Amino acid sequence: MDWSKKRTPLQAPDKKGVPEGLWVRCNNCREALFRKQVVENMNCCPKCQYHFRLTAKERIEMLLDDGVFEEYDADLTPADPLNFTDLKPYASRLKAAYASTGLREAFITSRGTMGGIPVVLGVMEYNFIGGSMGSVVGEKVTRAIEMSLTEKIPLILISCSGGARMMEGALSLMQMAKISAALARLHAEAIPYISVLTDPTTGGVTASFAMLGDLNIAEPKALIGFAGPRVIEQTIRKKLPDGFQRSEFLLEHGMLDALVPRPQMREYLIRSLRWFRPTESKV
Amino acid sequence: MAFEGLDFEEALVALRKEIAAARSSPDSDPDHLQRLVDQHDALARELFSRLTAWQVTQVARHANRPYTLDYISMLFEDFSEIHGDRSFGDDPALVCGTALFRGQPVVVIGHQKGRDMKQRIYRNFGQPKPEGYRKALRVMKMAEKFARPIICLIDTPGAYPGIDAEERGQAEAIARNLREMSAMRVPIVVVVTGEGGSGGALAIGVGDRVMILQNAIYSVISPEGCAAILWKDARMAETAAEKLGLTASKLLALGLVDAVLPEPPGGAHADPQAAAETVGASIAKSLSELQRLTPAKLLDQRYEKFRRMGVFTLAAES
């Protein structure tokens, strides 16, 4: 209907979360939607199932029992070890990110239960410098893994990231090794780790913890890859095929264990956690 | 003949030609030769002491720089190449094999670039695909099984960013190597000999000792890539190189490498044999230290080394 379209607030093209207002427009099918219906459908379009981007906090509240959690390592704060400046100083990018997200970094470590089973749940925050991984994200992910390891609690990490953070140079790169080494210990102790890849997960995050789960699952239509599509296009000087590097493409190529639409995510994770739960030993 | 080399080394290359001519001439004056050598070395030291990060990047990528197969022929005996990942294919951009290092059986793994255009294309400019990383991992697993040390030589612009590489799981291949290398029960010695291009370098870089040649680089992204993304202008690569902190001395200061290996005056390409001797001596020293450790101790030290990497603070109001 015409009148509804006029009243739909237009959102900035780079914002993929559910915008404010009574009505929202789907980024995919362009349908005008009643905001409440979108929120009730776990921030997915009720018409086409387009997944609006979630903040880390929304994600945690959606997944854990009653949305209740304890946060860990919230005080870890990025430094600016290279005194990095591009078009803007890194320090001012960080300040802007603190202000817009209320977070100190692009990752929240939480602990709670899912279906009554204790879990360590770490979630990336895309709105914090593109969810990029610098020293603090690397440290928080590693500590989350170590908490799983010490307490023998399953780990779930939800990725949403452009990759390693360039403004911390090779320090960011080495977080990939640090995290993967911690995951090797978790692996050796047979403590379950489920990796959930969401739109987008690329670069150093995909090439480290996001691909190292006992289960690697993704939301539908998420962009997932090592190199970004623009870099690949420039390298091969060809246009990329439709659907390239989307979850469905990865599933088809054997790189994902399952596609799980968001409305089924909690149920899927609980079912998996139950499967992983150690069988009761008979005394 | 057109000058082949970097702008700032033109005078050095001219001197090296004079030295070579003097050496090959039967009636050359030894004092004159020595003067030329001294002149070259003094000038080289002077020039190389004040290279910018961008100039270092160019030296790291120098077309005459020794590559993995050069180091293998200068430092190892009985090298037998091992091809293929036993799943999809072989990858000429990542060379693996068994060899003897100073009499000791080891495996050696390294990125390989090409010298001429045909070779460069064959080696995919030193950019491995997933099968390369999977081949490297299976060779490392064999080394672990037979308790042989692993030597890795890093020299790549990065893992190949192409459709086929993505289809076959470039990210998964790199990730798996990181995890598996961190738990490998034999010593791993890594030398960054040229370009340490991001995840594609690190995928064979999780070692007990990670050393870097003086004019090699190690970076989260190429200066060109960084400039294109952050400055929206690839021509800002020179500035990006400066900011990224990709030089050997900076990496050492940040605690990301264990040692910087000095290069001969004028860079590794000015005297590949001398560069190889330094690399060989450092590998030998590292191995003798690491082989004294039990596997458990080795793994603990490796874990702690990477565990410490990162710079951050605790919350203060900003």
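Helices α6 and α8 of chain B are roughly parallel to each other (an angle under 35 degrees), because their axes cross at roughly 20°. The model is predicted; local features need pLDDT of at least 70, side-chain atom pairs count only at pLDDT 80 or more, and totals for chains, interfaces and linings use all residues. Residues are numbered from 1 along each chain as its sequence is written, chains are lettered from A and ligands numbered from 1 in the order in which they are written, and side-chain values use heavy atoms, without hydrogens or water. Helices (H or I, at least four residues) and strands (E, at least two) are DSSP runs, numbered from the N terminus.

**Helix pair in chain B**
- The axes of α6(B) (residues 130–145) and α8(B) (residues 170–182) come within 8 Å; axes are lines fitted to C-alpha atoms, for helices over the stretch in contact, and angles run from 0 to 180 degrees between N-to-C directions.
- The crossing of α6(B) and α8(B) is left-handed, that is, the near helix is turned anticlockwise from the far one by less than a right angle.
- Contacts (heavy atoms within 4.5 Å) involve residues of α6(B) including Y133(B), L137(B) and M140(B), and residues of α8(B) including I174(B), N177(B) and M181(B).
- By class, this contact of α6(B) with α8(B) has eight nonpolar, two polar and five charged residues; Ala, Val, Leu, Ile, Met, Phe, Trp, Tyr, Cys and Pro count as nonpolar, Asp, Glu, Lys and Arg as charged, and the others, Gly among them, as polar.

**Helix pair in chain A**
- α3(A) (residues 56–63) and α10(A) (residues 262–276) pack at about 55°, with their axes 10 Å apart.
- The two are therefore oblique to each other, and the crossing is right-handed.
- R59(A), M62(A) and L63(A) of α3(A) meet R262(A), M265(A), R266(A) and L269(A) of α10(A).
- The residues of that contact divide into four nonpolar, no polar and three charged.

**Sheet in chain A**
- Seven strands form an open sheet in the order β3-β5-β6-β7-β8-β9-β10, with mixed pairing; two strands pair if DSSP finds at least two bridges between them.
- β3(A) (70–72) and β10(A) (258–259) stand at the edges with a single partner strand each, so one side of each lacks a neighbour in the sheet.
- β6(A) (residues 117–124) and β7(A) (residues 155–161) pair in the parallel sense over four bridges, and V120(A) has L155(A) as its bridge partner in β7(A).
- Helix α5(A) (residues 135–151) packs on the sheet, touching β3, β5 (107–114), β6 and β7 of chain A, and its direction makes about 25° with that of β5(A).

**Backbone features**
- A cis peptide bond joins D199(A) and P200(A), with omega about -10°; P200(A) lies in β8(A) (residues 193–201).
- R102(B) is not a glycine but has a positive phi of about 50°, and lies in the loop between β2 (94–101) and β3 (104–111) of chain B.

**Confidence**
- The mean pLDDT (the predictor's confidence in each residue, from 0 to 100) of chain A is 93, and 94% of its residues reach 70 or more.
- Residues 1–14 of chain A have pLDDT below 50, and this stretch has 15 contacts in the model beyond near neighbours in sequence.
- Where pLDDT is low, the predicted coordinates should not be read in detail.

Note on methods:
Parallel < 35°, antiparallel > 145°, perpendicular 65-115°, else oblique.
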